[in-house]
Amino acid sequence: MGVKMKSSIQKFSNLQFFMMMLGFITPFGHFIFIRLTYVYAGRNAWISLFCSAILGVIFIYFQFKSASQSPDQSLIGESVQAFGTWFGRVIGFMYICFFLLACSLSIHVFTQFLNLLFPLTPSFIFVFFLLFTMAYVVHAGSETLTRTIQVALPVLMALGSLVSILIMKERDWKQLLPIMENGFFPVWHGSIIFLTMFAELVVFRMLIPHTNTPKSLPKQGLFFVLIVFFMFLGPTTGPIMIFGENLARSTLYPTFEEIRYIQLFDFIERLDVLGIFLWVTGAFIRSSVFLLGAAEGMAELFKANKNNLYVLPITFFVFALELSLKSYTPEKTYHFLASSYSVITIFFGILLPLMIDMVIGFRHKWKSGWNGGKEV
Amino acid sequence: VEIWLEWWERSLKRWVLLIFICIFSILTAGCWDRIEINDLALIMATGVDAASNNKMKVSIQMAIPSQGESQNGSMAKTGKSYFVVADTGSDIWGTTSRIQEKLSRRVFTAHRRILIIGEKLASQGIQPILDAFVRHPESRLRTYVVVAKGATAEKILKASYPLEKAPTEGIRELLHSQIGLVVDLKDLLMDRSSNQSIVLPTIEITNGKGSSKVFRLSGAAVFHHDKLAGYLGDHQTRELIWLRGKPLKAELSIKIPKLKGRISADILKKSTNMKARKIHGRMVMKIDTSANIGISENQTKLDLEDPETIHSIERLFAKELKNKLHTTLKEIQQNYQSDVVGFGEVIHRTYPKDWKGIKQNWDMEFPQIKVVLHTDVKIKRTGMTSLPINIPEKQIRKSLP
């Protein structure tokens, strides 16, 4: 009933899959979502992270659990299976639109940052080259992307750890006090922001058919959330401990500002380039994964012979969408990310997949009952 | 659509890609923001002074690279390695733009080390100038901030400093030596946005050899909100640094009762722990401070080999330290009424609910806050000699009188 993926799809290991997820979530989360959380939770952002990690564990486990029940099907295939060909395809198309929106927004936020540092360079140049590279890698296939991330991620993690070590002496843990001064509501609001970050991982349900052992994903997903929690704990508390709540909240890129503040032995300083490298790579990984999800979704939806057939048209679409966001200032983009985008992402990332899984579950039960306990 | 896309895949793709790569390799070789280093005017320090008609005078000190160092690293003797340009305007960046009109190179502020605020401007309030030094992407929070005591920032920037190529480097090295207060833009903004009052190091011009003027790090400027309220002297500043728990290189000196001469010691290690306690409904600050010291000078006839003598001297050092800290605290509370120590922040962290009530009247409450001080000093080193030098053995005292 569902739209079947082609049998000759590129496969990658679960390790590559989780590395891709880490590369997807970490740099962008460090630069953007942490700052958004500061707006609401302030110095209690680490508690928001803790709460969202608990919710993230539940969310990731159930996402992977239900996806591993039908490992050959992507999210679009499952939506068709749950809601029938016509309505399922409409939902599938909505997912593609969501991935393309998220991709454009990621590129937009990234180019806005670059434009602050390079004010004379037209933003479309950054967009063009990023999209050009993304399209090239995504067109080459999901395996190429995973291998690229496999090379880039250890470098990113090593640089991130180096930054944490170099800035350690500036941290004052007392800045994290008092805890929950204004009650739990701001912390909860902050958790929603981090939860949005976890909800975006729904794009990886498009890639589950590529994994070698999808049955192991639910358990491995729990370790993934644990790793994400520890990888976010330092960057979430760091700017607060260094700049205090008010200053960290009022800077646009607090984690980047933290990197800029590094000074050791009077000559190790001005490490802005590290921050720019982390973000360029992070933006590339994140946008590429969204583009890959959308390209595979298009190929599946329109039963194309090749998975990469629609890479070029959707890349042009993302380019146009990004240019249409030109009037969005960083503040406006942040506001959108923290408000409407959170709602949209939680709907597409948590509620809708939950609904799809529930309908598929009911259908299975119903069919099993109809055929005397024998599953069809 | 599919047929068209497959045709594109098969034939046209590689040609279009090739043309694109060629075009963009030519058009985008080097980004728009590229500037050669010899087109940049590297700003080392900025000074801001109050001018007439509510305007401000912005002075910038720039490096002259060709005058910096010769090829073998020695100092060039052809002239100064810096020069100062100033202009007056209503805002920092507007005035900087006007300064730019006088310069053949582009003003580049990313290497600015020092921001000097003139005394008059500090008295009028520093809030209006702060934003300009944070908002611009070239600005850095590592920039040190000092107040020009009894002078304009421009004068300080123009003063020479014989030990360094540029006076800015001299100020930076003085601040790095940890003999006085060190505040950068980050610390200043943190204090401004929290419940703490601002305190900044001061630099003043003194007479050098002949008619030349040099400068020295002279203490601290205490602010009430964003306006200069007064100055703390050298010693008081060190005590304030001690209370704030910041790094400090200083000496302690005591007079032994009924004995001639003094005993001095270097601070090897120190720590300060500040706690807020609510006693009978009133906030009391409890400050515990401890230090490890090393004896650097003994002008008395005391023998420092005896553990009991050492213990007595430790008590005297602790008492002296307590007195000094107490006097400075009293001065800050009574004369300046500015919470530069950070009591408010400690109360906020310990009693966040009570703080909401206290915060509104903190200016009135701060001078009334009772402080309980406890000091503990341990002598860890007595130097290379334990017996006083050149004093006959008969005159050496084994214990305190």
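Visitor: What is the bridge partner of B:V48 in β5(B)?
Guide: The partner of B:V48 in β5(B) is B:I117. This is a predicted model, in which local features need pLDDT of at least 70 and side-chain atom pairs count only at pLDDT 80 or more, while totals for chains, interfaces and linings use all residues. Residues are numbered from 1 along each chain as its sequence is written, chains are lettered from A and ligands numbered from 1 in the order in which they are written, and side-chain values use heavy atoms, with hydrogens and water left out.

Visitor: What makes β1(B) and β5(B) paired strands?
Guide: Strands are DSSP runs (E, at least two residues; helices are H or I, at least four), numbered from the N terminus. Two strands pair if DSSP finds at least two bridges between them. Four bridges join β1(B) to β5(B), residues 114-118, and the two run parallel; the pair therefore meets the definition.

Visitor: Which other strands are joined to β1(B)?
Guide: Strand β4(B), residues 106-108, runs parallel to β1(B) and is joined to it by three bridges, with B:A41 partnered by B:V107. Strand β2(B), residues 56-63, is antiparallel to β1(B) and is joined to it by seven bridges; there B:I43 stands opposite B:M62. The hairpin of β1(B) and β2(B) has five residues between the strands, and B:N53 takes a positive phi near 60 degrees.

Visitor: Why is β1(B) described as largely enclosed?
Guide: Buried means under 20% relative accessible area and exposed means over 50%, with partly exposed in between (1.4 Å probe, protein chains only). Ten of the eleven residues of β1(B), residues 40-50, are buried, so the strand is largely enclosed by the rest of the structure.

Visitor: Why is B:S59 called buried?
Guide: B:S59 has 0% relative accessibility and therefore counts as buried. B:S59 is found in β2(B). Leaving aside neighbours within four places in sequence, its contacts (heavy atoms within 4.5 Å) include B:A45, B:T46, B:G47 and B:D49.

Visitor: Is B:S66 buried or exposed, and how do you know?
Guide: B:S66, in helix α2(B), residues 65-68, has a relative accessible area of 61% and is therefore exposed.

Visitor: How do you know that chain B and chain A form an interface, and how much area is buried?
Guide: In chain B, 38 residues are in contact with 44 residues of chain A. Buried area is the accessible area (1.4 Å probe) that two parts lose on being put together, summed over both. The two chains bury about 3,700 Å² between them, 55% of it on carbon and sulfur atoms. B:R140, B:R142 and B:R349 supply 20% of the area that chain B buries against chain A, more than any other three residues.

Visitor: Why is the pair of B:R140 and A:D272 called a salt bridge?
Guide: A salt bridge is a side-chain nitrogen of Lys or Arg within 4 Å of a carboxyl oxygen of Asp or Glu. Across the interface of chain B and chain A the rule finds three salt bridges.
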